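Dear colleague,

Please find below the structure I am handing over to you, with its sequence. My notes on what was found in it follow.

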Amino acid sequence: MFAILLFLKAPRRGHVKTRLAHHVGSKRALEVYRALVVRQFSALPASKHIEVHYTPHDAEFEMQKWLGADHAFYPQSEGELGARLEHSVECAFQRGARSIACIGGDCPTLQERHFEEADGLLDSGHDVVFGPSEDGGYYLIALRRPLPELFRDVPWSTRSTLHASLDRAAELDLKVGLLETLYDIDEVSELERALADGLIELP
């Protein structure tokens, strides 16, 4: 079973896309966030197992009402992003996943084919697959076994995130696969780019 783990926040004004909200306001930032997540769900492979890992921990009903109850919903653990990723990945493998991919909801060009490519790379012997983002992070990480060290002591949300993760993978002697570079939406320029390309629709 190839499991896709989506790491999402409850769609609450003032709590999502906060960097973007500084420029467009919290209401518009929430509209952008909701549109991005809805678009991402439409591009998920129907053949894969989908898990929504949400925060805050009391938002399960809210998330199911928004996204439907057809998928599995799990609260994220406490701590910084690396600790939350590590915990969720470990639990997914314990539940029987053969391999997993972790994503967020803010990459407007992430498509079904990217998951298929990641799955293929894992099947061909790669230990970890990264989907690089233009801002220096990554929009996807796929694994065929738990690798907790990959999530520790990483400078998250910086231009060094992917570089540091690749260095750690090299230290662990892992075979790494890379997908094409895509972009996330955190800044106004990225939002304008996605709108111009017709990738998301806003009210």
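The model is a predicted one. The notes begin with a pair of strands. S1 and S2, the latter spanning residues 49–55, run parallel to each other and are joined by seven bridges. Within this pairing, Leu 8 has Tyr 54 of S2 as its bridge partner. S1 also pairs with S4 (residues 99–103), again in the parallel sense, over five bridges. There, Leu 5 stands opposite Cys 102 of S4. Strand S1 itself covers residues 2–9, and seven of its eight residues are buried, so the rest of the structure largely encloses it.

Helix H6 (residues 161–171) is the next element to consider. Its buried residues are Thr 161, Leu 162, Ser 165, Arg 168 and Ala 169. These cover an arc of only 120° around the axis, and therefore lie on the same side of H6. That buried set packs against three strands: S5 (128–132), S6 (138–143) and S7 (176–178). On the face turned away from the buried side are the exposed residues His 163, Ala 170 and Glu 171. Just after the helix, Asp 173 adopts a positive phi of about 60°.

Asp 184 deserves a separate look. It is located in the loop between S7 and helix H7 (188–196). Asp 184 is buried but has no salt bridge, and the nearest side chain of opposite charge, that of Lys 17, is 7.2 Å away. Beyond its neighbours within four places in sequence, the contacts of Asp 184 include Asp 106, Asp 135 and Glu 190, as well as Tyr 139.

Turning to charged pairs, the whole structure contains 18 salt bridges. One of them joins Arg 95 to Glu 51, with the closest N and O atoms 2.8 Å apart. Because Arg 95 is in the loop between helix H4 (81–94) and S4 while Glu 51 is in strand S2, this pair ties together parts 44 residues apart in sequence. Glu 51 is buried, at 2% relative accessibility, whereas Arg 95 is partly exposed, at 34%.

A further salt bridge links Glu 86 and Arg 152, whose closest N and O atoms are 2.7 Å apart. Glu 86 belongs to helix H4 and Arg 152 to the loop between S6 and H6, 66 residues apart. Both are partly exposed, Glu 86 with a relative accessible area of 23% and Arg 152 at 39% relative accessibility.

With kind regards

Notes:
Residues numbered from 1 in each chain as written. Predicted model: local features only at pLDDT ≥ 70, side-chain atom pairs only at ≥ 80, totals over all residues. Heavy atoms only, no water. Buried < 20%, exposed > 50% of the residue type's maximum accessible area, 1.4 Å probe, protein only. Helix = DSSP H or I, 4+ residues; strand = E, 2+ residues; numbered from the N terminus. Pairing = 2+ DSSP bridges. Arc of directions from axis to C-beta. Contact = heavy atoms within 4.5 Å. Lys, Arg positive; Asp, Glu negative; His and termini not counted. Salt bridge = Lys/Arg side-chain N within 4 Å of Asp/Glu carboxyl O.
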